[in-house]
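Hello,

Here is the structure I promised to pass on to you. Please have a look at it first, and then read my notes below.

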Amino acid sequence: MKKKLIYLLAALSLSICFCACSSDDEPAEAPIPQGVNNRLKVLNGTFHSETFSEMTNTLDCEDVTFTPYRQPKQVFGALTGSVIVWGEAVFKKYYNDHLLETTNNCYFSFKEGMPSEIEGVNFEILFYGKAENGNTSTGESKRLMQITSQTSFLMTPYWGTAELFKTYTKQ
């Protein structure tokens, strides 16, 4: 009986010796560049812009909700190729308080190195349509952006120039 117990303990000991623990180490997250990190701290939540036209007596409004990712994602699209995106955005356009258009599922990214002649603008924000499979569904739509505080920024309409900046305020 003692011999059987010794053989049993020896077999258990050997089986434990050959067991390996799986690695719980996740790959280290790449550091986010400081400029991008500062932008993502501001671009988190819903922002509102409105422009009143005295000539037509109309109110043009736009809400944009940014949802940044913890880490950037690489996505692919037939029109864009491989793109690094930093989060998602939803646009809502209103005309005289009536919802005109909602654009869901947009990715956003940044383009650095704006020409220095545009004072205060140091990046473009790029928007890409998001397909159901997670890839991009459209080419990029560019807007110039200037962050003015922790709760507001200036942004142009699509393909607009700095003279067309609108102020967006956090809601």
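Is C61 buried or exposed? C61 counts as buried, because its relative accessibility is 4%. For that word and its relatives I use these cut-offs: buried is under 20% relative accessible area, exposed is over 50%, and partly exposed is in between, with a 1.4 Å probe and protein chains only. C106 is buried too, at 6% relative accessibility. A search of the whole structure for disulfides (pairs of cysteine sulfur atoms within 2.5 Å) finds zero.

Before going on, a word on what you are looking at. This is a predicted model, in which local features need pLDDT of at least 70 and side-chain atom pairs count only at pLDDT 80 or more, while totals for chains, interfaces and linings use all residues. Residues are numbered from 1 along each chain as its sequence is written, and side-chain values use heavy atoms, with hydrogens and water left out.

Now to the strands. Strands (E, at least two residues) and helices (H or I, at least four) are DSSP runs, numbered from the N terminus. Strand β5 covers residues 123-129, and seven of its seven residues are buried. F123, I125, F127 and G129 point one way from β5, whereas E124, L126 and Y128 point the other way. β5 pairs with strand β6 (residues 141-149) in the antiparallel sense over five bridges; two strands count as paired if DSSP finds at least two bridges between them.

Setting aside neighbours within four places in sequence, N105 is in contact (heavy atoms within 4.5 Å) with E88, A89, V90, Y128, G129 and K130. N105 and F91 are 14 residues apart in sequence, and their C-alpha atoms are 9.0 Å apart in space.

Then there are the salt bridges. How many salt bridges does the count come to? The count comes to five, where a salt bridge is a side-chain nitrogen of Lys or Arg within 4 Å of a carboxyl oxygen of Asp or Glu. Among them is the one between D60 and K166, with the closest N and O atoms 3.3 Å apart. This pair links distant parts of the chain, as D60 is in strand β2 and K166 in strand β8 (residues 166-170), 106 residues apart. D60 is partly exposed at 33% relative accessibility, and K166 is partly exposed at 22%.

Another salt bridge joins the side chains of K111 and E124, at 3.9 Å from N to O. Here K111 belongs to strand β4 and E124 to strand β5, 13 residues apart. K111 is partly exposed at 39%, whereas E124 is buried at 11%. E140 also forms a salt bridge with K142, with the closest N and O atoms 3.5 Å apart.

Finally, two loop residues. N57 lies in the loop between β1 (45-53) and β2 (58-77), and D97 in the loop between β3 (81-95) and β4. Phi of N57 is near 55°, a positive value in a residue other than glycine, and phi of D97 is near 65°, also positive in a residue other than glycine. N57 is exposed at 57%, and D97 is exposed at 62%.

Enjoy exploring!

Best wishes
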